[in-house]
Amino acid sequence: MNSGAYSRKERVTPITLAVPAIPEASGFTSSPPPTDVLVRLESVGKCFANGVVALTGVNLDVRRGEFLSLLGPSGCGKSTILRLLSSLTSATNGGINWQQKNPELGFVFQEPTLMPWANVFDNVWLPLRLTGVSRNSARARVEEALANVGLTGFEKAYPRELSGGMKMRVSIARALVMRPAVLLMDEPFAALDEITRSKLNDDLVALKCALGATVVFVTHSVYESVYLSDRIVVMAPRPGRVVAEIVVPSPLPRGEDFRLCAEYADKCRATSLALHEAMALDGAGDTRLREGVR
Amino acid sequence: MNRDKLLQYALPAGAPLAAVFAWEAVVRIYDIQPVILPSPSLIVATLIKDWRTLLGSLEVTLSITFEALAAATIGGFLLALVFAQSRVIERAFFPFAVIMQVTPIISIAPLLLVYLSSGETVLVCSFLVAFFPILANTALGLSSVDHNLVDLFQLYRAPRWRQLLWLRIPASLPYFLGGLRIGGGLALIGAIVAEIAAGSAGQGAGLAFRIVESGYRLNIPRMFAALLLISVTGIAIFVALSAFSHLLLHRWHDSARTRET
């Protein structure tokens, strides 16, 4: 039943989509736009101790100020890229080259990951506290971060008193309090309901634009990635690798109207197609089969 | 609402009270001799009459229980911290802790009496039974930390001791307090059991010895009176530790959460 839906889509889409999607993917990397690179991954591979190849031959630039989404089915190494960028794990081969030394990073996990015994203020204070900033010196920055996510006045609340969306806002505030060069987000809204998620998407983009931050956003939602991103990198699983890149030129923030325009529909279709191709590669294991599918 | 209140307070208080009245009634109606089964009123009367002796024994039992519990709490917590720091030490020492736990304390007591005085034996037995649940629970708590939070501490380059102090210890608190509540009850049980095995008499005689002694003298009401004091002590320890736990956890932990209906 699933494959039926897929092949139907394939029959309809190639004329309009496959053609623009592929040149865009290859053309963009060969002629870089005048944005400067913040970090460059060069043929990065990651092999876990149990022999599982999480990533292989990943070439990827993260550009200053862009909203980059990593999209792919589970097991394609999206989260591993974030962990590599944040040095929580190291690459088996290849290089991760930052253009600035010791960049400040913010990490937002899929779960809010708050300390339940600490109130909102103390949770947001934590990164500063770990770098030796006292409670009083941190106050202004914590207040600012909380204001950024719309949680002014909730300093004394404990995590269990907050809704799922509010907990996620605290988690984002905690990442922002360090004024990070890059905000790394690992499917942060996946556990939230559609309405909360949509609101947080808009707030996140607004915040990104206001702060001029760079965001690397892991998701497995096509619509979310198109709505939010300047650029979408599509990945295939087992072994994890980059298979396509889709650029969404409309400037951020985009607003609800964007979901109605032709560009959104086109990009969603292009992205879906790339994702379907990536999923067809699942378990292929080596590149020869991948070429065969293409 | 009223029905709920009734269930919540009246039943737990009323049921034992009813049982005591039934007991009193049965003893009076059938005219049962105190040597067989003393009535509750006689037990209370004995408690008041022998208060001086019983109070002295209660003090002995209490001080042994608290000394053992304090030592087990400090020892169990510190050893759990060491375990959390080093897998090697944990692997090497955990079997000893398990062996000490699974060997019934009453079978160790006679052996300990060979090496130690009876007072020391009671203290060591009480310590041994209280130690393990505190160690095991705290060790479990220290390792049951949200992995993402550990990653977060690593991301901000927090040294190990900060991770321990600000993350692992607070996260293990509910587990530690659970172990403490179990350990508190067991310390009392350990003290009583070891004293019965040791049969220590005279100056350092605790409540367990009073029970044994009263049994020899067929002073059944006094046996019951001593038993009553032990039960009350056990309840008091449990209530005190539960209150302590609530005090530390009620702000944040789900176990202390009151659901709104």
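Predicted model: local features only at pLDDT ≥ 70, side-chain atom pairs only at ≥ 80, totals over all residues.
## A first walk through the two chains

After α9(B) comes B:Leu218, which has a positive phi, near 55 degrees.

Now for the nonpolar cores. The largest one has 82 residues, and those with the most contacts inside it are A:Val124, A:Ala173, A:Leu184, A:Val216, A:Val233, A:Val234 and A:Met235. Which helix gives the most to this core? That is α6 of chain A (residues 164-176), with six residues. The core lies between two domains of chain A, because domain 1 (2-103 + 181-204 + 212-293) and domain 2 (114-178) both give residues to it.

Setting aside neighbours within four places in sequence, A:Val216 is in contact with A:Val62, A:Leu68, A:Leu70, A:Leu82, A:Leu85, A:Val182 and A:Leu184. There is also a second, separate core of 54 residues, and B:Leu69, B:Phe83, B:Leu128 and B:Ala198 are among them.

Next, the place where the chains meet. How many residues does each chain bring to the contact? Chain A brings 15 residues and chain B brings 16 residues. On the side of chain A that touches chain B, the elements giving two or more residues are β5 (105-108) and α4 (120-130) of chain A. The residues on this side of chain A divide into ten nonpolar, three polar and two charged.

Chain A also holds an open sheet of three strands in the order β2-β1-β4, with antiparallel pairing. Its edge strands, β2 and β4 of chain A, each pair on one side only. The strands are set out here:

| Strand of chain A | Residues |
|---|---|
| β1(A) | 37-47 |
| β2(A) | 53-63 |
| β4(A) | 93-98 |

On average, neighbouring strands of this sheet are turned by 10 degrees against each other, direction ignored. Strands of a sheet pair through backbone hydrogen bonds, either parallel or antiparallel. Here β1(A) and β4(A) pair in the antiparallel sense over five bridges. Which residue of β4(A) is the bridge partner of A:Gly45? That partner is A:Asn93.

Terms used. Residues numbered from 1 in each chain as written. Chains lettered and ligands numbered in written order. Helix = DSSP H or I, 4+ residues; strand = E, 2+ residues; numbered from the N terminus. Core = buried A, V, L, I, M, F, W, Y, C linked by C-beta atoms within 7 Å. Buried ≥ 20, exposed ≤ 12 C-beta atoms within 10 Å, placed from the backbone. Domains from an automatic or database assignment. Contact = placed C-beta atoms within 7 Å. Nonpolar A, V, L, I, M, F, W, Y, C, P; charged D, E, K, R; others polar. Pairing = 2+ DSSP bridges. Axes fitted to C-alpha atoms, helices over the stretch in contact; angles between N-to-C directions.
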